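Look at the structure first, then read on.

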Amino acid sequence: MTQTGRIYSRIAGTGSYLPEKVLTNDDLAKMVDTSDEWIRSRTGIRERHIAAAGQTSGDLGYEAALRAMEAAGVTAAELDMIVVGTTTPDLVFPSTACLVQAKLGAEGCAAMDVNAACSGFVFALSVADKFIRCGDAKTVLVIGTETLSRIVDWTERTTCVLFGDGAGAAVLKADAETGILSTHLHADGSKNDLLWNPVGVSAGFRSDEPNGGAKINMKGNDVFKYAVKALDGVVDETLAANGLDKRDLDWLIPHQANLRIIEATAKRLEMSMDQVIVTVDKHGNTSSGSVPLALDAAIRSGRVQRGQLLLLEAFGGGFTWGSALLRY
Ligand code: COA
């Protein structure tokens, strides 16, 4: 899947949005048997944001999209496609992408959701890149957005400390010079029971359980081990596909789930943590929202500069994992 043609997908602008309400580790320690020290030392998370009642993934994604479109100088009428990575869609249908499209007033362009759990943004970015590379689209809005707080069991300390709500977005534009060099996507559905939500429309809900039985179930240790190995593999694969060495990378922009997983990938790449964008402390694991939240923070703070080489990666339920290498 290495870029060979003349058309690249260049990131023209990014944006992000975190809901107003902040839930700190100390707040959580009043809800379950945990502590700020335990959460920080095991995950690197200090606080997370929680969507207000009635505020949906689409609402968060819309706010992030507005900021990305403003940064890119792109209007709704110019969008050829909207791709939304989310595992917490507003509704079963229409897709969250269609709902965001309506709010933006971008009727007419293609709009669809991609569900790859926490890898949602990287998968959505890859889909958008393919449409641009083949010449079918020139301007694509890619969003990663989640309201995971709606499927977290707030009485279960092993999972509730990890997740939060948030969204990020990027506008991709066709460019003859530079942009995404390659994307690499993988899944291992045989591990579907290690990180999952056990209910749904077709499998059915459980009327006797809170929230219809919807909640994040996770075997944390197994996820940790598989994630580190899978991410090691995909970063090696990405560099090899482009004939590049790890020393060529300027920045690692990883999925923000857990600081220890991020550090393991940085170690594999022999990158100093000064070259790694870390925002997990501020918003916890926002699943599809996490990579674009980190990307936007990196760009708006001026750390990431035009011309630099960026490696994005993510891992999530499914399992799914993937990467994108791009010249910003
Ligand atoms: N506060 C305090 N203690 C907690 C706790 C919490 N929030 N959660 C678990 N514990 C306890 C456990 O009950 C256990 O106690 P015990 O030794 O008395 O049995 C102890 O802490 C160690 O639990 P363990 O699960 O072995 O901890 P860990 O070091 O593996 O850390 C995770 C747990 C979840 C942080 C870690 O497994 C992890 O990060 N996994 C990956 C999760 C992830 O990133 N998922 C999303 C991928 S997209």
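A nitrogen atom of the ligand is 3.0 Å from a polar backbone atom of G220. This distance, like the other values here, comes from a predicted model. Side chains take part as well. R42 has an N or O side-chain atom 2.7 Å from an oxygen atom of the ligand. For W38, an N or O atom in the side chain is 3.4 Å from a ligand nitrogen. The table lists these contacts.

| Residue | Part of the residue | Ligand atom | Distance |
|---|---|---|---|
| G220 | backbone | nitrogen | 3.0 Å |
| R42 | side chain | oxygen | 2.7 Å |
| W38 | side chain | nitrogen | 3.4 Å |

How much of the ligand does the protein cover? On its own, the ligand has 970 Å² of accessible area, and the protein covers 72% of that.

The ligand sits in the second largest pocket. Several elements give two or more residues to the shell around the ligand: helix 2 (36–43), helix 6 (157–160), helix 7 (220–241), helix 8 (259–268) and strand 12 (309–316). Helix 7 gives the most, with four residues. In total, 22 residues surround the ligand. The closest are T34, R42, R157, N221 and N258.

Is S119 buried or exposed? S119 is buried, because its relative accessible area is 0%. Leaving out residues up to four places away in sequence, S119 touches A314, F315, G316, T320 and W321.

Technical notes. Residues numbered from 1 in each chain as written. Predicted model: local features only at pLDDT ≥ 70, side-chain atom pairs only at ≥ 80, totals over all residues. Heavy atoms only, no water. Buried < 20%, exposed > 50% of the residue type's maximum accessible area, 1.4 Å probe, protein only. Contact = heavy atoms within 4.5 Å. Near = heavy atom within 4 Å. Polar contact = N/O pair within 3.5 Å; in protein donor to acceptor, adjacent residues only side chain to side chain. Areas by Shrake-Rupley, 256 points an atom, 1.4 Å probe, with all protein chains shown as cover. 1 Å grid on protein atoms, 1.4 Å probe; cavity = no way out; pocket = protein on both sides within 12 Å on 5 of 7 lines; lining within 4 Å. Sits in = over half its atoms within 2 Å of the grid points.
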